[in-house]
Amino acid sequence: MESRELGYVKLVLDREYELSKVDDRIFGSFIEHLGRAVYDGIYQPGNSLSDGMGFRRDVIDFVKDLQVPIIRYPGGNFVSGFRWEDSVGPRSQRPERLDLAWRSTESNQIGINEFSKWAMKVKSSVMMTVNLGTRGIQDACNLLEYCNQVSGTEYSDLRIAHGDRDPYGIKVWCLGNEMDGPWQIGHKTMEEYGRLAAETAKAMKLIDPSIELVSCGSSNSEMPTFPQWEAVTLEHTYDYVDYISLHSYYDNRSEDTLDYLAQSDDMDKFIKKVIATCDFVKAKKRGEKSIDLSFDEWNVWFHSNEKDEALMRDQPWQRHPPLLEDIYNFEDALVVGLLLITLLKHADRVKIACLAQLVNVIAPIMTEQHGGRAWRQTIYWPFMHASKYGRGVVIMPSVHGTRHETSGHGEVTDVESVSVFNEDKRELTIFAVNRTLTKNIDFYADIRSFGDCHVLEQIILENDDLHACNSSVEEKVVPKRSDDLSSDNGMLHTILHPASWNVLRIGVNGRKM
Ligand code: AHR
């Protein structure tokens with residue numbers, strides 16, 4: 001990529017200026033019974049790469065490397081027609097069902113019993129979504145009783161009869177999925193949903209007061225009912241819930257890369273509007289508690305749209321068809337990096353976030369359709385770096401830097417960055433994306449308040465071809481190390497190449513000054 005211009009960014013980071021501790025669950029993900037996410041993805045009995053339960057070991061290893069603390073399950077749109085009883089107990093008795101959301105069939109060979117064990121294998125916890133589309137309060141309570149009650153009741157004893165003596169202890173529960181969307185099975189008005197969600201939440205917390213609940217927010221910020229949906233539904237649910245959900249997918253349908261790389265600004269605005277709405281309801285209620293944000297579906301999603309529409313229209317009712325199999329390119333990885341930076345910048349209110357999704361379906365991890373190896377998409381890398389190095393406390397910087405014009409977002413910053421200090425590891429990490437296509441950016445950071453520091457490494461993801469993709473035969477987009485980062489008496493300097501994702505890792509020698 002040819003560099004013609006220069007830009008700069010100067011940060012001053014003060015150790016004392018902490019925004020918030022990062023909730024580890026901001027690095028969550030999502031697995032839906034959709035396409036080949038479950039069957040052919042995490043589960044492939046008969047494959048030599050699978051373990052005794054039929055779970056793919058190579059997929060487990062990739063997921064573990066991502067260090068995903070929480071995984072939303074089992075949908076998504078799928079959940080709005082899900083009958084959870086179908087998915088537990090003896091497998092030979094589990095029915096085959098029509099999944100109306102994705103016009104597929106569901107064999108129920110993997111369900112709550114198996115998924116909870118897979119989640120343990122990848123060292124993650126389950127974030128369970130209940131069906132508030134075709135079902136309601138009693139059903140949600142039965143499922144909670146099955147999962148979390150120790151014993152001595154119909155559903156807890158049923159779980160034990162199914163072989164699982166210990167309760168699953170599922171902490172976070174979503175009250176339905178995208179209930180504002182006309183495509184949702186059992187779609188509701190905001191009044192209908194608000195009442196149902198509040199009563200379901202009230203009953204669920206009577207069963208297990210230790211759970212945390214997510215009220216359904218808008219499916220995206222372009223919904224005609226946004227943000228009225230949040231205001232009205234939260235008025236009903238405020239006393240019983242802990243979070244409101246946000247969903248958003250980004251795309252480069254207009255094939256304008258510079259503008260595509262500015263779309264993280266849309267996520268930033270969306271988050272700010274939802275925070276404002278939550279705080280409005282809190283004020284109106286004279287409340288004490290703040291409703292935090294669960295950004296439980298986010299990613300790039302558009303490459304597979306046309307193929308998926310045709311498949312669902314022309315060849316419906318297949319078992320795990322290859323749906324939503326976006327193959328991500330290098331510029332998508334930059335956008336995912338920018339979205340991660342944006343989420344971290346809001347770590348004071350975004351406590352849960354789920355990269356949608358994890359395996360095969362709009363996913364960082366893919367498996368070959370008829371056996372074969374698992375491989376990592378371009379977007380795997382920024383997610384892995386953020387999850388591995390982004391734990392700690394977000395430090396709010398003072399920032400000055402150059403900017404550029406875009407077609408749809410006006411003038412935007414050349415560089416987006418966020419800094420996280422990990423006190424236990426004595427490490428400061430700065431994530432930065434140069435979202436220009438032509439400028440080399442002179443990057444300076446004054447970190448003198450951290451005392452004696454040394455450079456650990458600069459990791460960089462770049463590629464001359466913005467459309468370069470990985471595949472099962474070749475991983476063209478992989479991170480490398482750069483030697484550009486230097487530290488001189490607490491003044492950092494490096495060059496951020498055009499269109500690059502950068503992880504600057506600094507060791508902090510001294511104690512807090
Ligand atoms: O993640 C794919 C789909 O996107 C989910 O099922 C739904 O909740 C959203 O519209």
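**View 1. Contact between helices H3 and H4.** In this predicted model, Asn142, Glu145, Tyr146 and Cys147 of H3 meet Glu154, Tyr155, Ser156, Leu158 and Arg159 of H4, where contact means heavy atoms within 4.5 Å and where helices (H or I, at least four residues) and strands (E, at least two) are DSSP runs numbered from the N terminus. By class, the contact of H3 with H4 has 4 nonpolar, 2 polar and 3 charged residues; Ala, Val, Leu, Ile, Met, Phe, Trp, Tyr, Cys and Pro count as nonpolar, Asp, Glu, Lys and Arg as charged, and the others, Gly among them, as polar. Helix H3 spans residues 137–148 and helix H4 residues 154–161, and the two pack at an angle of about 50° with their axes 7 Å apart; axes are lines fitted to C-alpha atoms, for helices over the stretch in contact, and angles run from 0 to 180 degrees between N-to-C directions. H3 and H4 are therefore oblique to each other, given that angles under 35 degrees count as roughly parallel, over 145 as roughly antiparallel, 65 to 115 as roughly perpendicular and the rest as oblique. H3 passes H4 in a right-handed crossing, a crossing being right-handed if the near helix is turned clockwise from the far one by less than a right angle, and left-handed if anticlockwise.

Residues are numbered from 1 along each chain as its sequence is written, and side-chain values use heavy atoms, with hydrogens and water left out. Because the model is predicted, local features need pLDDT of at least 70 and side-chain atom pairs count only at pLDDT 80 or more, whereas totals for chains, interfaces and linings use all residues.

**View 2. Contact between helices H3 and H5.** H3 also packs with helix H5 (residues 190–207), at an angle of about 30° and with their axes 9 Å apart, and the two helices are therefore roughly parallel to each other. The crossing of H3 past H5 is right-handed. On the H3 side the contact is made by Ile137, Ala140, Cys141 and Leu144, and on the H5 side by Leu196, Glu199, Thr200, Ala203, Met204 and Ile207. By class, this contact of H3 with H5 has 8 nonpolar, 1 polar and 1 charged residues.

**View 3. Contact between helices H5 and H6.** H5 and helix H6 (residues 228–237) pack at an angle of about 30°, with their axes 8 Å apart, and H5 passes H6 in a right-handed crossing. Met190, Glu191, Tyr193, Gly194, Arg195, Ala197 and Ala198 of H5 make the contact with Gln228, Trp229, Val232, Thr233, His236 and Thr237 of H6. The residues of the contact of H5 with H6 divide into 6 nonpolar, 5 polar and 2 charged.

View 4. Of the 13 residues around the ligand, Glu32, Asn77, Glu178, Tyr249 and Glu297 come nearest, a residue being near a molecule or strand if one of its heavy atoms lies within 4 Å of it. A polar side-chain atom of Glu32 lies 2.7 Å from an oxygen atom of the ligand, and a polar side-chain atom of Glu178 likewise lies 2.7 Å from an oxygen atom of the ligand. An N or O atom in the side chain of Gln357 is 3.0 Å from an oxygen atom of the ligand. The peptide bond from Ala356 to Gln357 is cis, with omega near 0°, and Gln357 is found in the loop between strand E12 (350–356) and strand E13 (365–367).

**View 5. The loop between E9 and H7.** Asp251 is found in the loop between strand E9 (243–250) and helix H7 (257–260), and Glu255 lies in the loop between E9 and H7 as well. Not counting residues up to four places away in sequence, Asp251 touches Tyr260, Gln263, Trp301 and Phe302. Glu255 has a positive phi of about 55° although it is not a glycine.

Note on methods. A polar contact is a pair of N or O atoms within 3.5 Å; within protein, one must be able to donate a hydrogen and the other to accept it, and residues adjacent in sequence count only if both atoms are side-chain atoms.
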